[in-house]
Amino acid sequence: MGFSMGLNLVLLLAMVATNILSLYHLSSTTYQSQTKAPTQQQVPDYLIHQLQTIRATINHLTRHHPSTTIDTNSKTTTTIPQDLLLYSRLSPIASSCHNHPDLLHNYMSYTPFTLCPHDTDLEETLILHGCHPLPRRRCFSRTPSKPSSSLSSDPFPSSLPDSNVIWSKYNCKSFSCLVQKSPNLGFDPASEKSSSFLAFKSELDLPVTQFLDLAKAANSVIRLGIDVGGATGSFAARMKLYNITILTTTMNLGAPYSEAAALRGLVPLHVPLQQRLPLFDGVLDVVRCGHAVNRWIPVIMMEFLFYDVDRVLRGGGYLWLDRFFSKASDLENVYGPLIGKLGYKKVKWATANKPNSKNREVYLTALLQKPVSK
Ligand SMILES: *[C@@H]1O[C@H](CO)[C@@H](O)[C@H](O)[C@H]1NC(C)=O
């Protein structure tokens with residue numbers, strides 16, 4: 001049992017490793033053309049630099065990690081491919097992939113250079129289990145057979161074209177079905193046009209006009225941001241009307257959130273909450289965390305999330321917690337102090353009891369400004 005599992009692992013990771021091999025290949029080709037014909041060099045310097053770094057890392061790891069290990073269960077000596085070891089060490093963020101060898105094996109069981117299997121649900125599952133980024137594959141992803149070519153650049157179109165989504169993995173087979181089942185998921189952009197992020201019905205609301213006024217008064221320009229767990233991009237859509245670019249992280253859990261955002265002309269980033277934000281340090285003006293960021297996230301992970309948000313925010317940028325919910329006692333004893341550790345200025349801090357909550361839960365809406373310098 002142990003041996004066959006081990007063997008499976010080796011096989012599937014060997015497949016994974018083909019990506020590294022192709023990088024190897026690419027880098028060695030680059031070297032050759034560089035030395036033979038320096039005048040015809042077409043690969044930009046920065047790329048060569050990247051490839052050199054990768055190569056150096058690979059050499060370093062190969063020298064320091066012997067490739068032969070003893071499999072104690074079968075008492076045989078297995079030779080693990082070098083690349084497999086390298087992959088696991090080069091990409092520790094995806095090391096959770098190794099914890100789900102069966103899923104990964106399914107994912108990597110495909111015929112190269114043909115249509116990929118239709119396994120978007122498997123992708124979601126793997127990513128949610130921490131296997132992110134997923135290994136690349138050399139197959140063609142499936143596309144809808146008769147997509148509509150009249151794509152709207154209005155972030156609040158009257159409807160989203162059903163023919164631009166592959167529905168087979170979802171219970172609903174149309175956007176109108178999704179709207180009917182869950183009117184609040186954002187699959188009816190037109191209905192958001194006159195409402196989302198505009199109304200001030202309670203202290204928990206922060207209309208975007210008010211947010212922008214607060215930023216303006218603080219001399220802080222808002223141009224770029226990210227909405228963490230932003231579903232179909234409702235926040236990004238609103239901000240687009242102010243010519244502000246917002247990226248939206250979203251997963252396709254049970255419904256085509258990414259496609260919906262993209263059909264509104266908004267950028268969906270397919271990354272789970274536990275993922276380091278794919279952005280450089282200090283580049284964003286605002287990070288909004290909506291419902292997806294809440295007490296169900298383990299505290300330690302939440303702490304990493306907040307510090308990563310801090311990393312990507314520029315000095316003077318804003319963290320906007322929109323209806324963060326937790327138990328009242330936890331907000332006081334756990335999350336309040338956790339947020340406090342960031343040392344941000346509390347521009348807004350409003351709490352209210354969550355209606356009909358058995359666990360004495362509360363909502364928090366906070367607008368926090370990162371200090372300009374630490
Ligand atoms: C957004 O940009 C467009 C094109 O530059 C401009 O016409 C429009 O007035 C801008 N809207 C806002 C709210 O600034």
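User: What pLDDT does the protein average?

Analyst: pLDDT is the predictor's confidence in each residue, from 0 to 100. The protein averages 83, and 79% of the residues score at least 70. This is a predicted model, in which local features need pLDDT of at least 70 and side-chain atom pairs count only at 80 or more, while totals for chains, interfaces and linings use all residues. Residues are numbered from 1 along each chain as its sequence is written.

User: Where is confidence lowest, and where highest?

Analyst: Where pLDDT is low, the predicted coordinates should not be read in detail. Helices (H or I, at least four residues) and strands (E, at least two) are DSSP runs, numbered from the N terminus. Helix 2 (residues 18–36) is lowest at a mean of 41, and strand 6 (residues 284–289) highest at 98.

User: In what order do the strands of the open sheet lie?

Analyst: Strands of a sheet pair through backbone hydrogen bonds, either parallel or antiparallel. Pairing here requires at least two DSSP bridges between two strands. The 7 strands run in the order 5-4-3-6-7-9-8, with mixed pairing. Strands 5 (268–269) and 8 (345–353) are the edges, each pairing on one side only. Strand 7 and strand 9 (residues 361–369) are antiparallel over 8 bridges, and Trp320 stands opposite Leu367 in strand 9.

User: How many residues has the largest nonpolar core?

Analyst: Such a core is a set of buried Ala, Val, Leu, Ile, Met, Phe, Trp, Tyr and Cys residues joined through C-beta atoms within 7 Å. Buried means 20 or more other C-beta atoms within 10 Å of the residue's own, placed from the backbone. The largest has 50 residues; Val287, Trp320 and Leu367 are among those with the most contacts inside it. Strand 7 (residues 313–327) gives the largest share, 7 residues.

Terms used. A residue is buried if 20 or more other C-beta atoms lie within 10 Å of its own, exposed if 12 or fewer, and partly exposed in between; C-beta atoms are placed from the backbone.
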